[in-house]
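Please look through the structure below before reading on.

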Amino acid sequence: MGKITGFMELARVDESYAPPVERKKHYKEFVLTLKDAEAKQQGARCMDCGIPFCHNGCPVNNIIPDWNDLVYKGNFQEALEVLHSTNNFPEFTGRICPAPCESACTLGINNLPVGIKSIEHFIIDKGWENGWVTPQIPAHKTGKKIAVVGSGPAGLATAQQLARAGHSVTVFEKNSRIGGLLRYGIPDFKMEKWLIDRRIEQMQAEGVTFKTGVMVATLPAGSTVGNDSQESITPAELSAQFDAVVLAGGAEQPRDLPVPGRELAGVHFAMQFLPTQNKVNAGDQVAGQIMATGKHVVVIGGGDTGSDCVGTSNRHGAAGVAQFELLPQPPETENKPLVWPYWPIKLRTSSSHEEGCDRDWSITTKRFEGSNGKVEKLIGARVTWNNGKMEEVPNSEFEMKADLVLLAMGFVSPVQSILDAFGVDKDARQNAKATTDNYHTNVAKVFAAGDMRRGQSLVVWAIREGRQCARAVDEFLMGNSNLPR
Amino acid sequence: MEKIRNIALFTNEQFKAKELCICYPRAWGAEGVEAALASLSASAVDAITQGFNILIITDRKLDAGHVPIPALLATAAVHEHLVKAGLRTSAGLVVETGSAREVHHFALLAGYGAEAIHPYLALETLAQLSKSVPQIKAEETEYRFIKAICKGLNKVMSKMGISTYQSYCGAQIFEAVGLQSEFVDKYFTGTPTGVEGIGIFEVAEEAVRLHQAAFGADPVLANSLDVGGEYAYRIRGEEHMWTPDSIAKLQHATRANSAGTYKEYAHLINEQTRALKTFRGLFEFNTAGCTPVPIEEVESAKDIVKRFATGAMSLGSISTEAHATLAVAMNRIGGKSNTGEGGEDHLRYRDEMRGKTIGEGESLASRLGGKRVVANFPLQKGDSLRSKIKQVASGRFGVTGEYLASADQIQIKMAQGAKPGEGGQLPGGKVSEYIGQLRYSVPGVGLISPPPHHDIYSIEDLAQLIHDLKNANAQADISVKLVSEVGVGTVAAGVAKAKADHVTISGHDGGTGASPVSSIKHAGTPWELGLAETQQTLVLNKLRGRITVQVDGQMKTGRDVVIGALLGADEFGFATAPLVVEGCIMMRKCHLNTCPVGVATQDPVLREKFSGKPEHVVNYFFFVAEEVREYMAKFGFRTFNELIGRADLLDTKKGIAHWKAKGLDFSRVFYQPNMPAEVSRYRVESQEHGLEAALDHELIDAAQSVLKDVHSAKTAKVEAKITNRNRSVGAMLSHALVKVADPNRGKEERIHVALSGIAGQSFGAFLARGITFSLTGSANDYTGKGLSGGRIIVKPDPACPAVAEENIIVGNTVLYGATEGQAFFRGVAGERFAVRNSGATAVVEGNGDHGCEYMTGGTVVVLGHTGRNFAAGMSGGKAFVYDPGKRFKDHCNMSMVSLAPLQSEAEQNAAAEKRVLHAGQNDEAHLKSLIEAHLAHTGSSVAKRILDNWASERANFVVVFPLEYQRALSEQWTALHNTQAVSA
């Protein structure tokens with residue numbers, strides 16, 4: 001399998017990016033898919049390990065060595081089949097997955113890992129380009145009806161799997177477009193949204209019905225969670241109409257920063273900021289879009305969402321962008337002997353950072369100040385960390401000019417009102433309580449998957465949960481299941 | 001197949017074929033299998049009574065509605081039924097099945113009666129696959145597949161000691177693991193099965209499930225096969241003990257010395273309730289009657305680790321760095337590391353033998369030389385690079401007297417758990433110049449150890465080898481490594497009676513760098529079975545107290561150790577786990593020399609990436625020992641010895657849910673022989689080796705002047721009488737000499753021993769450089785075994801009226817495994833002369849069959865007739881055969897050598913292909929000097945006649961020159977030539 005000495009002879013080829021000055025001008029993707037020869041070369045570097053750690057590191061357990069070899073040999077269509085056997089949506093993960101597989105790559109112990117993500121990206125783009133991705137319409141219908149609440153990656157994966165098993169699946173989405181965080185949370189420059197539309201078409205052909213603008217249960221008053229719904233449906237109605245209900249509504253409740261001045265205008269959650277730009281890109285009329293144009297933007301939170309806020313602010317033409325993180329600056333490289341093959345905590349510089357941003361770590365926000373109800377500055381202070389305990393550095397307070405503050409500090413939990421409406425038990429972190437063995441909540445025929453069950457996580461974890469949950473639902477309805485976990 | 005089906009047309013109805021379909025309706029389910037088998041057997045009898053004499057057992061007709069009975073079950077059932085009916089010899093069985101694809105499948109079908117096998121699905125698959133590989137034709141793929149299967153079967157048959165398919169067919173040399181005895185008795189009559197297990201309906205259920213997977217709606221299987229995961233880990237496939245998480249946790253734990261992470265690792269390995277992977281995973285401890293003791297009162301970890309050894313992984317299979325790391329670690333904790341069968345660099349032990357230990361500031365490179373080490377690591381004061389266990393395997397690579405003298409334990413590898421019946425296999429790519437040097441072989445030439453030890457064909461022979469080795473190093477324990485299989489207890493008892501001090505029972509799942517897949521997967525049994533049988537047999541025969549029992553085979557945790565102890569082991573061998581600690585990540589690429597972490601490779605670029613440290617290995621063994629202590633405290637045992645043999649503390653785990661685990665019955669494993677309390681259950685005494693009777697004591701006394709003052713020019717001359725009761729003469733004397741003098745330095749002859757009489761077996765075994773044995777009389781088998789630089793001369797008593805060159809003067813298997821030295825035999829030698837010679841020079845006046853077999857170096861001159869099969873497997877060295885009758889060609893095995901007339905110096909210089917000269921001399925001068933030496937030492941009239949007529953006689957010599965060796969000498973010439981060109 002593969003080229004036996006490929007890893008010793010060939011260099012890693014990374015996908016190339018359009019230059020920052022260019023890409024900052026638009027909201028299009030700027031990552032260039034590998035060319036055939038590059039992809040083959042990348043595949044040749046795979047060592048076909050006796051124990052492929054990547055295969056375990058990948059949450060959907062992509063059979064990476066197999067498709068690496070197929071790509072190396074130029075057998076792209078078969079590679080796509082193997083890839084699709086574990087992953088419903090490689091075009092999403094091939095673009096926005098942080099690639100825990102590559103952190104687990106054996107070659108990464110003492111070399112640059114195989115560019116697994118770029119190969120995945122290559123395979124699926126090749127597949128669509130050649131028309132190899134077609135609807136897999138089930139031969140028999142079971143007559144069972146399933147409601148999937150939420151159309152993010154978990155809901156979509158569940159729906160697609162269940163439809164392929166012959167069930168009639170209806171997906172309910174409170175917003176006007178399908179995709180959840182994929183649609184609204186991820187900026188277009190990281191993943192263009194026609195990719196979702198293309199999948200939706202495939203799923204519709206496979207028999208999935210999509211109902212947008214329908215709220216299942218109700219949001220609490222004052223919720224900042226995005227909601228375009230015109231109509232609503234109650235849990236009781238759903239239960240009456242469907243044989244099973246899958247809750248895949250994500251973990252949408254953002255973590256707040258309750259400091260003085262939080263109420264000032266100009267302090268927003270990232271999820272109030274990012275979705276509107278995607279909507280505008282899609283041609284929607286958005287009243288009162290939050291713009292960073294000409295503003296001093298401070299992003300609070302050093303994760304991927306924060307980074308997306310940086311990229312979007314720069315595209316708006318912000319006067320300056322700063323990003324603060326409470327935790328200390330991670331090392332440039334991890335202590336590999338003690339971390340590999342697990343996900344390393346290390347300094348990650350995203351493409352958005354390269355486009356212009358001042359980053360700082362070990363910063364706590366003390367308060368926001370402003371006038372006329374509008375934020376003007378952030379008062380912060382430095383902290384030190386000792387054995388997980390944070391302490392403020394005396395006399396380290398500072399001021400930072402800020403007329404737009406974006407809170408990207410993660411998500412606390414699913415929106416509780418939905419779980420409460422169904423009467424679903426919750427775990428200690430307020431997620432829906434269900435095991436990965438059967439994904440069944442305490443409520444009869446109500447299942448939960450994705451962030452709603454496991455808390456905020458990666459798209460790839462959502463796909464895993466969706467697939468596994470689909471199998472559990474299929475087993476629940478039919479007594480057994482051919483769906484892969 | 002068409003021809004066989006219609007064989008009647010081709011043979012004038014002499015042969016008539018009848019098809020017996022083994023498919024039955026799917027609707028009958030698993031329950032239908034018994035009826036289907038009964039009707040199959042009945043129709044076989046009917047067919048024979050109707051005059052058919054070829055029965056074609058076929059599953060061709062399987063379809064969505066019909067399930068095939070597994071072909072093996074069907075074949076065995078028909079075979080057994082026909083045997084019982086007395087009709088088996090009236091018909092041939094042809095099996096046409098889609099299920100046969102691997103060597104093991106063919107071996108099983110053959111073993112249970114298939115005279116011919118048609119693997120139609122494999123062949124059709126190849127034909128289809130070949131369409132995507134335009135450069136290979138379909139017929140070529142078929143040819144290659146059949147050739148590969150046949151070679152695999154050859155290997156399987158050879159390791160079982162069976163030469164022909166006819167003998168193998170129906171021989172049933174298998175052991176069942178996990179099959180119900182009632183089922184086995186009926187369909188696989190006579191096959192041993194130790195722990196019960198599944199029966200016919202479970203087997204059929206599996207067939208039904210496979211059928212379901214094939215014809216069901218599983219989308220993953222729509223266009224592709226099941227991922228399998230047998231040979232490389234796949235999450236949807238076969239369960240493995242080593243998983244990404246167990247490896248990561250073990251590495252992190254030992255690198256950071258984190259007991260907490262070790263516990264996570266141990267939990268992953270020990271917890272097998274969901275994924276059943278080993279027998280011990282199905283056991284639980286029966287602590288009901290135990291009174292726990294505080295852990296502080298339990299024997300210390302420091303003492304427990306002394307019972308641990310690392311496995312026999314040769315330098316060659318693993319890198320210098322990986323090998324030395326294990327040695328340093330084991331020496332730090334007082335355990336033992338094992339050389340494996342590749343010899344050992346004297347730089348790792350010679351100084352230590354002389355009392356010069358490693359001091360401050362030294363490193364691996366400072367000891368072995370910078371060129372030899374690419375991933376250096378520092379050594380601590382008092383460290384030792386010496387492997388305390390020196391292995392002696394069938395290849396005898398690097399087994400010299402000095403090597404043996406440096407051992408604490410000498411291990412005779414009868415077999416290895418991962419590949420019982422086979423020797424080590426080192427692919428050519430891993431035989432670097434250094435490895436070749438240590439093994440006395442040719443770089444780049446793969447080294448495949450022969451299946452048997454050529455000096456062991458009986459338990460008496462084994463006793464002799466044990467005696468030889470004990471003479472070569474009286475301080476070392478002699479260990480015999482056996483493989484778990486049914487009957488190993490009896491063999492172990494024989495080993496104990498043959499005076500071994502130590503026996504290893506090796507389990508089937510032991511690791512191996514490179515070995516045929518059929519061996520890795522299908523040979524040997526779990527050590528739980530073999531160890532229990534060994535303990536029971538040894539205790540019953542009151543032999544247990546005389547011998548240490550070690551167990552190995554995927555030992556990973558303290559729980560494994562405790563179960564091994566309860567089943568009867570004193571000591572424990574670990575191999576894969578410490579390698580993982582050193583950085584192994586189970587690439588399973590050991591055979592390709594491409595290990596990316598520098599463990600199982602000789603490539604310096606990759607070895608540089610080796611990151612293992614002795615400290616990590618030390619940490620690992622202490623974690624294991626601490627885990628053992630926790631169990632001991634729970635049992636209430638303060639000393640480790642109290643654990644040994646207490647199988648009553650084991651029980652079958654309750655509540656195992658797996659559908660195939662139901663029928664298992666471990667009562668035979670947990671059985672304890674009812675012997676009085678005074679019969680020991682663990683090692684308490686020493687073997688009586690009878691070394692005090694050795695003639696060598698006399699010789700050593702007489703040579704004291706030399707031994708006490710080796711750096712002087714003193715010599716000693718000794719005369720003695722010898723009889724055939726004097727066995728292994730010379731080994732002890734050589735030991736005394738190499739302990740004090742470097743074997744490769746000093747005068748040619750320092751101790752001259754003139755003997756007269758008939759020498760016993762192993763005369764001159766491991767004889768060291770500087771010693772000459774000149775025997776007037778004759779010698780027995782194994783003369784010059786492992787010759788290590790000494791000189792052996794055997795000539796007949798002048799009073800003997802027999803014609804010397806027409807009579808045998810030395811026995812069989814002379815110079816086996818010789819590495820250096822000279823031998824002159826005035827007369828004819830027996831079979832297997834100079835087998836596995838890797839450096840000695842010998843002159844003999846004729847020899848029996850298989851001369852120079854597997855030779856990798858040295859020079860042999862035969863001044864008379866040779867037997868058949870000369871030079872079989874010969875990859876190095878040269879032989880000169882005097883062949884005036886021009887008959888030699890017919891006696892030589894030509895598969896690896898070429899034959900040519902003797903060339904003069906001028907001819908050799910003028911040869912088109914340039915090569916470095918063998919032994920640094922041109923052939924004619926070399927040969928002539930050897931015959932002259934023969935004449936000088938033995939007064940041979942044959943030598944004299946040839947030399948007197950050299951001008952004409954020289955044309956009667958044939959030069960036997962191995963092809964691999966020719967290639968290597970050419971490469972050396974090119975390398976030398978290029979260097980000179982560059983420097984000029």
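What follows goes from the interface of the chains to a helix, then to aromatic rings, and ends with a strand residue. The model is a predicted one.

Begin where chain A meets chain B. The contact is made by 34 residues of chain A together with 35 residues of chain B. Between them, an area of about 2900 Å² is buried, and carbon and sulfur atoms account for 61% of that area. On the side of chain A, A:Ile51, A:Tyr342 and A:Asn482 supply 20% of the area that chain A buries against chain B, more than any other three residues.

One salt bridge is found between chain A and chain B. The side chains of A:Asp66 and B:Arg234 form a salt bridge, with 2.6 Å from N to O. Polar contacts across the interface of chain A and chain B come to 14 residue pairs, with both residues at pLDDT 80 or more. The elements of chain A that give two or more residues to the side touching chain B are α1 (6–9), α4, α5 (64–72) and α16.

How many of the residues of helix α5 (residues 103–111) of chain B are buried? The count is nine of nine, and the helix is mostly covered. Among these buried residues are B:Val103, B:Phe106, B:Leu108 and B:Leu109. B:His104 and B:His105 are buried in α5(B) too. The cover over the buried residues of α5(B) includes the helices α4 (71–84), α7 (138–159), α8 (165–168) and α21 (517–522) of chain B. Strands β5 (92–96) and β6 (116–118) of chain B are also part of that cover. After α5(B) comes B:Gly113, which has a positive phi, near 115°.

Aromatic rings give another way to follow the fold. A pair of such rings is described by how far apart the centres are and by the angle between the planes. Over all chains, the count is 38 aromatic pairs. In one of these, the ring centres of A:Phe53 and A:Trp340 are 4.5 Å apart and the planes stand at 50°, so the pair is tilted. A:Phe53 belongs to helix α4 (residues 53–57) of chain A, while A:Trp340 is in the loop between α16 (336–339) and α17 (351–354) of chain A, so the pair ties together parts that are 287 residues apart in sequence. Both A:Phe53 and A:Trp340 are buried.

In chain B, B:Phe285 and B:Phe635 make an edge-to-face pair, 5.4 Å from centre to centre with 90° between the planes. B:Phe285 is in strand β7 (residues 283–285) and B:Phe635 in helix α26 (residues 614–635), so this pair links parts of chain B that are 350 residues apart. B:Phe635 counts as buried because its relative accessibility is 3%, and buried means under 20%.

The charged end of A:Arg262 is over the ring of A:Phe269, 4.8 Å from the ring centre. In chain B, B:Lys390 lies over the face of B:Tyr403, at 5.9 Å from the ring centre.

The last stop is B:Val960, in strand β29 (residues 957–962) of chain B. B:Val960 counts as buried because its relative accessibility is 0%. B:Leu899 is 61 residues away from B:Val960 in sequence, yet their C-alpha atoms are 4.9 Å apart. Beyond its neighbours within four places in sequence, B:Val960 is in contact with residues including B:Phe870, B:Met874, B:Val881, B:Phe888 and B:Leu899.

Definitions and conventions
Residues numbered from 1 in each chain as written. Chains lettered and ligands numbered in written order. Predicted model: local features only at pLDDT ≥ 70, side-chain atom pairs only at ≥ 80, totals over all residues. Heavy atoms only, no water. Buried < 20%, exposed > 50% of the residue type's maximum accessible area, 1.4 Å probe, protein only. Helix = DSSP H or I, 4+ residues; strand = E, 2+ residues; numbered from the N terminus. Contact = heavy atoms within 4.5 Å. Phe/Tyr/Trp six-rings, centres within 6.5 Å; stacked < 30°, edge-to-face > 60°. Lys NZ or Arg CZ within 6 Å of the ring centre and 35° of its normal. Buried area = accessible area lost by both parts, 1.4 Å probe. Salt bridge = Lys/Arg side-chain N within 4 Å of Asp/Glu carboxyl O. Polar contact = N/O pair within 3.5 Å; in protein donor to acceptor, adjacent residues only side chain to side chain.
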